[in-house]
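Please open the model in your viewer and keep the sequence panel beside it, as the tour below moves from one selection to the next.

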Amino acid sequence: MRPASDTSPVIDAHHHLWDPAARAYPWLDPVAHAPIHRPYTPADLRQQAAAHDVSATVLVQTVATAEETAGFLATAHASAGLVAGVVGWADLTAPELTLPDDPLLVGVRHQAEDEPDPRWLVRADVRRSLAALGARGLAYDVLVRAPQRQAALECVRALDEVWFVLDHAGKPAIAAGEWEPWATWIAEAAACPNTVCKLSGLVTEAPWHSWTADGLRPYAEHVLAAFGADRVLFGSDWPVCELAGGYAAVRALTDDLLGGCTATERAAVLGGTALRVYGLDGCALDGLDGIDLHRSDTG
């Protein structure tokens with residue numbers, strides 16, 4: 001739990017909801033992911049948010065369907081402000097980018113890590129759609145692993161009018177001991193001012209049942225040093241994080257990893273960056289004094 005003196009609102013900038021009985025999730029293996037192969041509902045989210053002092057959230061896509069995005073937007077509107085934004089899905093290879101006209105749509109994500117072509121992100125049609133996304137003031141969440149990182153970097157450099165949000169710090173293969181080339185890639189991505197990074201998903205890239213805060217600290221410290229706190233966002237990656245300890249463990253880990261930050265830096269990671277990059281409305285702003293909540297010229 002947060003230190004008692006820290007009253008800044010917390011925005012969970014990365015979580016999901018799903019129901020395996022209602023939709024197929026190709027990545028959600030019923031055996032390997034048995035502990036989370038069940039419905040996770042808005043009521044479950046509200047319980048977690050209340051238990052962990054989360055003021056608002058960003059609900060992120062899980063499958064490549066417009067129907068899920070429509071459902072997520074309906075969930076957000078019915079959430080009484082808890083789900084402050086939705087990162088949905090759109091077909092970036094279509095001749096024309098089609099998006100819902102909804103103020104709660106704050107970004108788009110496609111699971112580029114699952115594309116057979118590791119250079120999918122630099123396809124001409126995808127880049128055209130990403131440029132259109134930026135023109136609408138929406139962010140793009142980058143979900144990649146090692147094979148797609150170079151293309152992601154080229155994409156970020158070519159489209160400086162788009163906010164790019166690196167999910168799960170680019171998924172370093174922590175369990176396999178990866179440091180390089182991930183660390184250099186993070187530094188190169190951070191050199192692009194239109195890019196921010198989610199401090200999320202580290203526990204499931206590490207050994208699920210034996211990770212420690214000290215083992216994850218070098219990765220978090222490298223992200224914070226490269227991007228600066230005002231370009232880093234907290235995300236629980238719930239309910240995926242249930243595979244490696246759950247929401248409480250991730251919140252406690254995040255507080256530990258931010259232990260060396262100032263109050264202003266903590267406020268940025270825990271809320272201010274998400275407010276600015278995703279353009280969230282309806283969130284409690286108390287405690288965010290001193291943080292620039294306006295989009296930069298690169299966004």
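Is Trp-182 buried or exposed? Select Trp-182 to begin: with a relative accessible area of 0%, this residue is buried, where buried means under 20% relative accessible area, exposed over 50% and partly exposed in between, computed with a 1.4 Å probe on protein chains only. Before going further, note that this is a predicted model, in which local features need pLDDT of at least 70 and side-chain atom pairs count only at pLDDT 80 or more, while totals for chains, interfaces and linings use all residues. Residues are numbered from 1 along each chain as its sequence is written, and side-chain values use heavy atoms, with hydrogens and water left out.

**Aromatic pairs around Tyr-219**

The structure holds nine aromatic pairs, a pair being two rings of Phe, Tyr or Trp (for Trp the six-membered ring) whose centres lie within 6.5 Å, with planes under 30 degrees apart counted as stacked, over 60 as edge-to-face and the rest as tilted. Select Trp-179 and Tyr-219, which form an edge-to-face pair at 5.2 Å centre to centre, with 65 degrees between the planes. Trp-179 lies in the loop between strand S6 (164–166) and H5, and Tyr-219 in helix H7 (residues 213–227), so the pair ties together parts that are 40 residues apart in sequence; helices (H or I, at least four residues) and strands (E, at least two) are DSSP runs numbered from the N terminus. Trp-179 counts as partly exposed at 33% relative accessibility, whereas Tyr-219 is buried, with a relative accessible area of 7%.

**From H5 to H4**

Next, show helix H4 (residues 149–158) together with helix H5 (residues 182–190), which pack at an angle of about 10 degrees with their axes 10 Å apart; axes are lines fitted to C-alpha atoms, for helices over the stretch in contact, and angles run from 0 to 180 degrees between N-to-C directions. H4 and H5 are therefore roughly parallel to each other, a label for angles under 35 degrees. On the H4 side, select Arg-149, Gln-150, Ala-152, Leu-153 and Arg-157, which meet Trp-182, Trp-185, Glu-188 and Ala-189 in H5, contact meaning heavy atoms within 4.5 Å. The buried residues of H4 are Arg-149, Ala-151, Ala-152, Leu-153, Cys-155 and Val-156, and among the elements that cover them are helix H3 (124–135), strand S5 (139–142) and strand S7 (195–199).

Move to helix H1 (residues 42–51), in which Leu-45, Gln-48 and Ala-49 are buried. Their cover includes strand S1 (10–15), strand S2 (54–60), strand S3 (83–88) and helix H8 (247–257). On the face of H1 turned away from the buried side, select the exposed residues Ala-43, Gln-47 and Ala-50. Just after H1, Asp-53 takes a positive phi of about 60 degrees. Then select Trp-18, Tyr-25, Trp-27, Tyr-40, Trp-238 and Tyr-247, which ring pairs link into a cluster.

**Last stop: Cys-261**

Finish at Cys-261, in the loop between H8 and helix H9 (263–278). Not counting residues up to four places away in sequence, Cys-261 touches Leu-224 and Arg-266.

Definitions and conventions: Parallel < 35°, antiparallel > 145°, perpendicular 65-115°, else oblique.
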